[in-house]
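Subject: Structure for your review

Dear colleague,

Please find below the structure that I am handing over to you, together with its sequence. My notes on it follow directly after.

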Amino acid sequence: MKALVYLGPKEKAVQERPMPVISAPTDAIVKMVLTTICGTDLHILKGDVPTCQPGRILGHEGVGVVQAVGTAVTAFKAGDRVLISCVSACGKCVNCRKQMYSHCSTGGWILGNSIDGTQAEYVRIPHADMSLYAVPPGADEESLVMLSDILPTGLECGVLNGQVQPGSSVAIVGAGPIGLAALLTAQFYTPAEIIMIDLDDGRLATAKKLGATATVNSRDGKAAEAVMALTAQRGVDTAIEAVGIPETFELCQQLVAAGGHIANIGVHGRKVDLHLESLWDRNISITTRLVDTVSTPMLLKTLCAHRIDPKQLITHRFRFDQILKAYETFASATETHALKVIIAT
Ligand SMILES: [Zn+2]
Ligand SMILES: [Zn+2]
């Protein structure tokens, strides 16, 4: 089968690889129908993710059709159409019993990281019963791909950890796919203000369309002042970091109101200063999280009920034989205005 393989920092290729086989009774083999590229895949290609070694098939998102299941899989059978979660969960270990699936002792985020992923014609899914979701009848499968990772990540790590509430004020730093997913899911909780901050006017215009009440271009280095002006010098109740660089996390520290929350989503490759000299008496909380995908069943229901439209995040479509072009397009988002790219196998 054909697969997109990570070959080391800055190197990747489409290679012919052996078909995956069932190696544990809880495994399923899934024939991919749709997949996509995540910002995390770009982090891997930069060499930022040491758990992902050269030779690895990338990808942790997608929709497919079950090809075969191990003897212990009871919830799925060959022919079932399934949504693949970016997080695999055994459901039995100490962390799974706390619904902290991201830290499952034999799962978590392993797809396209420590085991082969979904940017291929077929993928092996461990702990299939807990890591796949049946595609609801009539559901739009391109929209479903947004539920593998970005929507639960924006919701759980950003909105829920940030305790977004009715009438509250929110700033989201970073208007890429994850920041926009946080913007879409924040609206479940009817905050009064959602201020989007980014360097790219195109992305900010998209944010406006998707429900941002105000946008701030941080190019001039005065984003904190702009947000203070928008919030009567209070700052925001929730500052969501959706980039993963020191500057954006430091900006969140400047934006947070007394009693507020900083919810980090970004994948940080470098250390960041924590300004306790100005925050020690501000009654704030700071949270970090790797998505647990506990919200996926709820998101499936809201998607099917048309209460959320993540398809708006899809900007480009490719066939699998164009996946290198898809990477190029996704990686040069400033020029291409790419958000999520769909790759059909
Ligand atoms: Zn991802
Ligand atoms: Zn587990």
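Predicted model: local features only at pLDDT ≥ 70, side-chain atom pairs only at ≥ 80, totals over all residues.

**The parallel sheet**

Strand β9 (residues 169–173) is joined to strand β12 (residues 236–241) in the parallel sense by 4 bridges. Within that pairing, V173 has E241 of β12 as its bridge partner.

**The three-stranded sheet**

A further open sheet consists of 3 strands in the order β2-β1-β4, with antiparallel pairing. Its edges are formed by β2 and β4 (56–57); each has a single partner strand, so one side of each is left without a neighbour in the sheet. Strand β1 (residues 2–8) runs antiparallel to β2, and 6 bridges join the two. In this pairing V5 is placed opposite A13 of β2.

For reading any of these strands, a general point may be of use: the side chains of a regular strand alternate between the two faces of the sheet.

How many residues of strand β3 (residues 28–36) are buried? The count is 7 of the 9, so the strand is largely enclosed by the rest of the structure.

Strand β3 pairs in the antiparallel sense with the following strands:

- Strand β5 (residues 62–69) is joined to β3 by 6 bridges, in an antiparallel arrangement. Here M32 stands opposite G64 of β5.
- Strand β7 (residues 122–125) also runs antiparallel to β3, with 4 bridges between them. In this case I29 faces R124 of β7 as the residue opposite.
- Strand β16 (residues 340–344) pairs with β3 in the antiparallel sense over 3 bridges. The bridge partner of T36 in β16 is I342.

**The α8 and α9 helix pair**

Helix α8 (residues 223–230) packs with helix α9 (residues 246–255) at an angle of about 30°, and their axes are 10 Å apart. That angle makes α8 roughly parallel to α9, because angles under 35 degrees are counted in that class. The crossing of the two helices is right-handed.

Which residues of α8 and α9 meet? On the α8 side they are A223, A224 and V227, and on the α9 side L251, Q254 and L255. By class, the residues of this contact are 5 nonpolar and 1 polar, with no charged residue.

H127 is located in the loop between β7 and α3 (128–131). Although H127 is not a glycine, its phi is positive, at about 50°. Is H127 buried or exposed? It counts as buried because 26 C-beta neighbours lie inside 10 Å, and the threshold for that class is 20 or more. Leaving aside residues up to four places away in sequence, H127 touches T26, S88, A89, C90 and G107.

T190 belongs to the loop between α6 (177–186) and β10 (193–198). Its phi is near 45°, again a positive value in a residue other than glycine. T190 has 11 C-beta neighbours inside 10 Å and therefore counts as exposed, the limit for that class being 12 or fewer.

S23 lies in the loop that runs between β2 (11–16) and β3. This residue is exposed, because 11 other C-beta atoms are found within 10 Å, which falls under the limit of 12 or fewer. Between the C-alpha atoms of S23 and I178 the separation is 33 Å, and the two residues are 155 residues apart along the chain.

With kind regards

Note on methods
Residues numbered from 1 in each chain as written. Chains lettered and ligands numbered in written order. Axes fitted to C-alpha atoms, helices over the stretch in contact; angles between N-to-C directions. Parallel < 35°, antiparallel > 145°, perpendicular 65-115°, else oblique. Left-handed = near helix turned anticlockwise from the far one by under 90°. Contact = placed C-beta atoms within 7 Å. Nonpolar A, V, L, I, M, F, W, Y, C, P; charged D, E, K, R; others polar. Pairing = 2+ DSSP bridges.
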